[in-house]
Amino acid sequence: MKTVKSCLLSGLLTAMSISLAAKSAAAQSELVVVATINPLHSIVSGVMEGVGEPHLLIEGNQSPHTFNLRPTDAAILQDSDIVFAIGEAVETPLFKYIDTLATNAKLIEMAEIEGLAMLSFRDSGDFWLEAGEDADHGHDHGESSVPTHEDEAMQEDEHAHEDEHAHEDEAMAEDEHAHEDEHAHEGEFDMHVWLDPENSAVMAQLIADTLAEADPENAVRYRENAADFERRLHETTARLTEELAPVRGEPFIVFHDAYQYFEKRFGLTPAGSVVINPDTMPGVRRVNELQALIQQTGANCVMAEPQFNPRIVNVIVEGSAARSGTLDPLGADIESGPDMLFMLYDQMADSFLECLEHDH
């Protein structure tokens with residue numbers, strides 16, 4: 001005959017078993033959602049807030065172009081239901097893992113969704129030369145101090161500079177052309193689409209629709225979260241448009257061509273980029289060209305990026321009135337989560353204001 005104590009213990013164990021089984025079943029029924037890069041993860045996190053948390057594959061300090069999968073990431077990919085990515089041109093190494101591991105997951109590529117504003121790659125590292133042909137992309141750039149032509153004296157100086165370096169670093173020139181071709185073959189469009197807050201609003205809606213279809217019980221919450229996220233994005237666009245107004249028309253040089261969505265949304269005036277491909281650092285000839293570009297355009301800022309040695313930027317601005325600043329399109333130092341993307345926009349705006357404003 002069982003004692004009262006043994007009956008109570010048996011009942012407790014049974015209740016615990018039932019509870020654990022219920023929790024296990026609930027965990028298994030939850031969507032396993034993966035986002036590739038931090039800015040995209042921020043949007044997905046905002047839409048899923050209060051329901052679940054997406055898994056971030058590529059941490060902020062990793063490059064999506066050289067990503068190596070960790071065992072924990074591989075396990076999550078195998079169990080994933082939905083994978084949100086920007087596009088194969090951004091997360092190139094990752095797509096082979098998605099193809100082989102996430103066989104039961106629905107893959108959503110942001111660059112392919114309807115309603116997203118896509119911008120074509122610029123053809124060279126000297127944007128101001130292309131400005132006359134490509135300046136109007138639907139956003140008002142306002143008055144620009146970037147010249148559309150040079151006077152005869154400037155042309156003579158430029159020809160003298162070309163003659164001086166005509167035979168310098170031929171191998172480097174060949175490498176630059178090779179990387180231009182490689183850059184062009186990645187795709188027709190610039191894939192840094194998250195740097196336009198209005199694009200991020202379009203992505204939030206698509207993410208909410210995708211999650212609502214996969215998880216109807218939480219559909220209302222997903223769509224309410226997306227609406228709140230979109231509202232914050234529109235408010236951020238309006239606020240930063242006002243904050244950045246004093247530096248519209250002030251020319252600057254970025255490290256590589258990754259910022260045109262932000263530039264065009266807020267009417268900023270880029271003169272060029274230090275490199276065409278960030279895997280290839282500029283040689284002496286390109287440094288000389290950039291120093292000439294500063295003189296020709298009146299650019300008063302050259303932007304570095306945190307994952308590259310800033311020394312090259314210091315060399316470029318040496319002897320000129322231009323200052324150096326830092327931009328990061330991925331927000332490597334910003335903690336992941338729903339607020340991350342808004343912090344990235346503010347960080348970029350602050351960098352432009354600090355580097356371009358004359359009152360220091």
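These questions and answers cover a sheet and some aromatic contacts in a predicted model. Local features need pLDDT of at least 70, side-chain atom pairs count only at pLDDT 80 or more, and totals for chains, interfaces and linings use all residues. Residues are numbered from 1 along each chain as its sequence is written, and side-chain values use heavy atoms, without hydrogens and water.

Visitor: In what order do the 4 strands of the open sheet stand?
Guide: Strands are DSSP runs of E, at least two residues, numbered from the N terminus. Two of them pair if DSSP finds at least two bridges between them. The pairing here is parallel, and the order is E2-E1-E3-E4.

Visitor: Why is one side of E2 and of E4 left without a neighbour in the sheet?
Guide: Strand E2 covers 55-56 and strand E4 covers 106-109. Both stand at the edges, so each has a single partner strand.

Visitor: Which residue in E2 is the bridge partner of Ala 35?
Guide: Strand E1 spans residues 33-35 and pairs with E2 over 2 bridges, in the parallel sense. The partner of Ala 35 is Leu 56.

Visitor: What is the angle between the planes of Phe 262 and Phe 266?
Guide: Rings of Phe, Tyr and Trp (its six-membered ring) pair if their centres lie within 6.5 Å; planes under 30 degrees apart are stacked, over 60 edge-to-face, the rest tilted. Phe 262 and Phe 266 are 4.7 Å apart, centre to centre. Their pair is tilted, at 55°.

Visitor: Which residues form one aromatic cluster with Phe 262 and Phe 266?
Guide: The structure holds 5 aromatic pairs. The cluster containing Phe 262 and Phe 266 also includes Phe 252 and Phe 352.
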